[in-house]
Amino acid sequence: MADDGSGPLRIAIVGGGIAGLAAAHEALLLAKDRRRAVIVMVLEKARQLGGNLITEASGGFLLDAGADSWVTTKPHAAALAREVGLQDSIIGTREGTRRYFVAWHDGLHPVPDGLVLGVPTRVTPLIRTPIFSALGKLRMALEPLIPARRFEGDDDESIADFAIRRLGREAADRLVAPLLGGISAGDASDLSVRAAFPQFVAMERDHGSLVRGTIAAQRARARAAGQGAGDGAFRSLRGGIAGLARAVAEHAREAGALLQTGVGVRTLSRAGATWSLELEGGGRTTADAVILAVPASAASVLLRSIDNVVARDLGAVPFGSTATVFLGYRCEDVAHPLDGVGFVVPRSLGRPILAGTWVSSKWEGRAPDGHVLVRAFFSLGGGVDGDDGSLVRLARAELTALMGLSATPVLSRVFRFDHASPQMRVGHLARMREVREGLARVAPGLRVAGGGYEGIGIADSVRQGREAARTILEGR
């Protein structure tokens, strides 16, 4: 590779989750394109790369412990998957089971056709559903007549308030809040709609209505379906979602990245233009630029010696803990048809379970022949805790109450994610803007990226990692 005479640019990426791996991939790709000599090292504290992208095979079942997919409306994850050779492994959800259910009163009810995240695009199915009262249905149908709010500067609004304003309280409480708030295992009355779901704010801004914006998005997807993109709104990988992290890591390693696991960073300091990273267990490494692809809480600790204000702002981002409980059953033991991707549970019902996924109905290849796989999702704390056995018993009790599923499972597996769900509360984007401005002022050559800074999910983590690497390379 050609060099500009200044020597190779050393980039240290702290964190080997998908954001850090995407940053390494982008840095090496840009360096090759620009014939710039670089040394890219990824330092991951855990014993394996991939962060929360975890896939485990057990007894013929395939378990995606945390996130199991990315959304097609955000192209960043799919683009990365194609770049690392996974184009033939990308799968969509099963065509016949793409609807979802909501728990209400006497059991699980299918969300009406044409109701997209609480936004009604068809009248007849809305009229027939028992989920909402007549007044609630009327209020939802009137959404196109509600004046649009124009957000200025750091104006913000909670997911719940946004949904109430646009669709009414019933839609907000019974459907929108459990769907959108549940993704972060948080309370929709606290979480920022601008930070977590900016696409809905954009719909209101660009179309004046969520109904009109949703219909426009559906038409765009229909056009895309004519180009081979008609496999639903989500994508995963045939061998499980962790395959994305593995492929990106292997691609980066082949391109020259130094990927180290079991290596945590204790402290971060700067002398002139050089960053010094003290490693846990002894040792030190230096770099010309640093990307902190770790949760805001971990970045806060490392930045205390750099800027107290930035560290304080990052440390103020709360995180929740969650658990997923997988249960595998023989088909003959399950009376429920599992004719959808799963269900959500409104907080007003007071149940401990937040949601359930009928994994083998949602994706192909997740259960052996003659078996089904179900996943229960819990927010830990507030009375939901205990050992794995306790969580399995709780999951079975909830599935019995909601689905009549009382059989003994042939497989049970619990995954815990401690302090791994960022709660991007109202005002989050303003805080992150101040963080980035502070870093630009006191720590040039340092970027933060990953879940909980801007956006949520795999695609946003990939985007932030690549943007961080691009910013560093373009500034050199």
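How many salt bridges does the count come to? With a salt bridge taken as a side-chain nitrogen of Lys or Arg within 4 Å of a carboxyl oxygen of Asp or Glu, the count comes to 30. The model is a predicted one, so to speak of local features a pLDDT of at least 70 is needed, side-chain atom pairs count only at pLDDT 80 or more, and totals for chains, interfaces and linings use all residues. Residues are numbered from 1 along each chain as its sequence is written, and side-chain values use heavy atoms, leaving out hydrogens and water.

First, the overall build. The chain holds 16 helices and 22 strands, where helices (H or I, at least four residues) and strands (E, at least two) are DSSP runs numbered from the N terminus. A compact globule of 476 residues would have a radius of gyration near 23 Å, and the chain agrees because its own value is 23 Å; this radius is taken over C-alpha atoms, and the globule rule is 2.2 Å times the number of residues to the power 0.38. The C-alpha trace spans about 70 × 55 × 50 Å along its principal axes. Some 53% of the residues are buried (under 20% relative accessible area; exposed is over 50%, partly exposed in between, with a 1.4 Å probe and protein chains only).

Next comes an open sheet. Its five strands are ordered E12-E2-E1-E16-E22, with parallel pairing; two strands pair if DSSP finds at least two bridges between them. Strand E12 (258–261) and strand E22 (446–448) sit at the edges, each pairing on one side only. Within the sheet, E1 (residues 9–14) is joined to E2 (residues 38–44) by six bridges, and Ile-13 stands opposite Val-42 in E2.

Back to the charged side chains. Glu-157 has a salt bridge to Arg-149, with the closest N and O atoms 3.4 Å apart, and another to Arg-165 at 2.9 Å, N to O. Glu-157 counts as buried because its relative accessibility is 8%, whereas Arg-149, at 29%, counts as partly exposed. Arg-165 is partly exposed too, at 21%.

Over in helix H10 (residues 242–254), Glu-250 and Arg-253 are three residues apart, so about one helical turn separates them. Their side chains meet in a salt bridge of 3.2 Å, N to O. Glu-250 is partly exposed at 36%, and so is Arg-253 at 40%. Finally, salt bridges link Lys-74, Arg-436, Glu-454, Asp-460, Arg-463 and Glu-467 in a network.
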